Amino acid sequence: MKNKKIKWGIIGLGNIAHQFATDLLLAADADLLAAASRDILKADEFAAKYNAAKAYDSYEALFADQEVDIVYIATPHDSHAELSIKALESGKHVLCEKPIALSYKDAERMIEASKKHNKFFMEAFWTRFIPAVQDVLAKVESEIIGEPNYIKADFAFIGNDVKRSRLFDKNRGGGALFDIGVYPLFLSYIVFGIPKEIMAKALYHKNGIDLQTSMILQYDKAQAVLHSSIVSESDMKAIIGGTKGRIELNSPWFMADGYSVFKNEQEVVYNLPTLGKGYAHEIIECNNCVRNNQIESKLWSHQNSLDLSGMVEEIKNQIKLPF
């Protein structure tokens, strides 16, 4: 393992999987070996496009492939838990798309499976690994803006509510909170930790999923004002305010190529472009963890995923989502 490329398999071959596979080709120590879909034509086309040697017509067949080291799970939210556990039981390391699961209980089961089978598992919060976010966290910890006490973060776009759209599908875990609301919650969590109190309100689709969810997170000495929507737009900048200044992450902040520090009426600009779209950074982290026989990342650990899942669970219950 130390001297050979990490061999990846991908299941769930939608838009995110295509973006991920494009970035996977940029990681020097990674090799896309296999792709799987319940539609073999789709798997064949995906494998051909990204030079994968193998295509499978079932996820189980890919899990059984002894040459695959790690599986990237990019299926709809409702299948994350069961497929991650099956992959881990099959002896595969796993990178599972966010959100980790639709319930805290399922998130716990996934972490338990990773520990039981001694295999690496990580929720694919790619934003945690991009250079701009890592640098901003270091700046905040160095107190360049004093004591941080405020975050404003949005993730909003106008989705297309058409037949078979996963985004608006209640049965597949659609809606604003689980698809994109987890991002602003993630930012508040990595800066401030678990809040003392969460207040959330939503607007709903006729099928019961949330179209917009707004959240206020209360801490001892800080507040976060967060918003997610699949029916409206925002500037998608993120602001971290402190007692001596503020930091603004470039839009869209979750894949920012830089940020600015505003202090004493002066702006200092930092440019930190991503490798590819930005998925390459989490891929490199996974490869390093697998090589070092780690079952979790120090930058986005099992506990980090459980903490965030617990926050999402609280909001899910407050706004009465039907999952």
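Tutor: Start with strand β5, residues 93-97, which runs parallel to β6 and is joined to β6 by 4 bridges; strands here are DSSP runs of E of at least two residues, helices are runs of H or I of at least four, both numbered from the N terminus, and two strands pair if DSSP finds at least two bridges between them.

The model is predicted, so local features need pLDDT of at least 70 and side-chain atom pairs count only at pLDDT 80 or more, whereas totals for chains, interfaces and linings use all residues. Residues are numbered from 1 along each chain as its sequence is written, and side-chain values use heavy atoms, with hydrogens and water left out.

The two strands belong to an open sheet of 6 strands, paired in parallel in the order β3-β2-β1-β4-β5-β6. β3 (54-56) and β6 (121-124) are the edge strands; each has a single partner, so one side of each lacks a neighbour in the sheet. On average, and ignoring direction, neighbouring strands of this sheet are turned by 25 degrees against each other; axes are lines fitted to C-alpha atoms, for helices over the stretch in contact, and angles between N-to-C directions run from 0 to 180 degrees.

Helix α4 (residues 80-89) packs on the sheet and touches β1 (6-11), β4 (70-73), β5 and β6, its direction making about 170 degrees with that of β5; contact means heavy atoms within 4.5 Å. Helix α8 (residues 279-291) lies across β1, β2 (30-36), β4, β5 and β6, at about 125 degrees to β1.

The loop between β14 (266-271) and α8 holds Gly276. Gly276 counts as partly exposed because its relative accessibility is 38%; buried means under 20%, exposed over 50%, and partly exposed in between, with a 1.4 Å probe and protein chains only. Leaving aside residues up to four places away in sequence, Gly276 touches Asp23 and Leu26.

Leu24 falls within α1 (15-24), and α1, α4 and α7 (176-192) each supply at least two residues of the lining of the largest pocket. α1 gives the most, with 4 residues.
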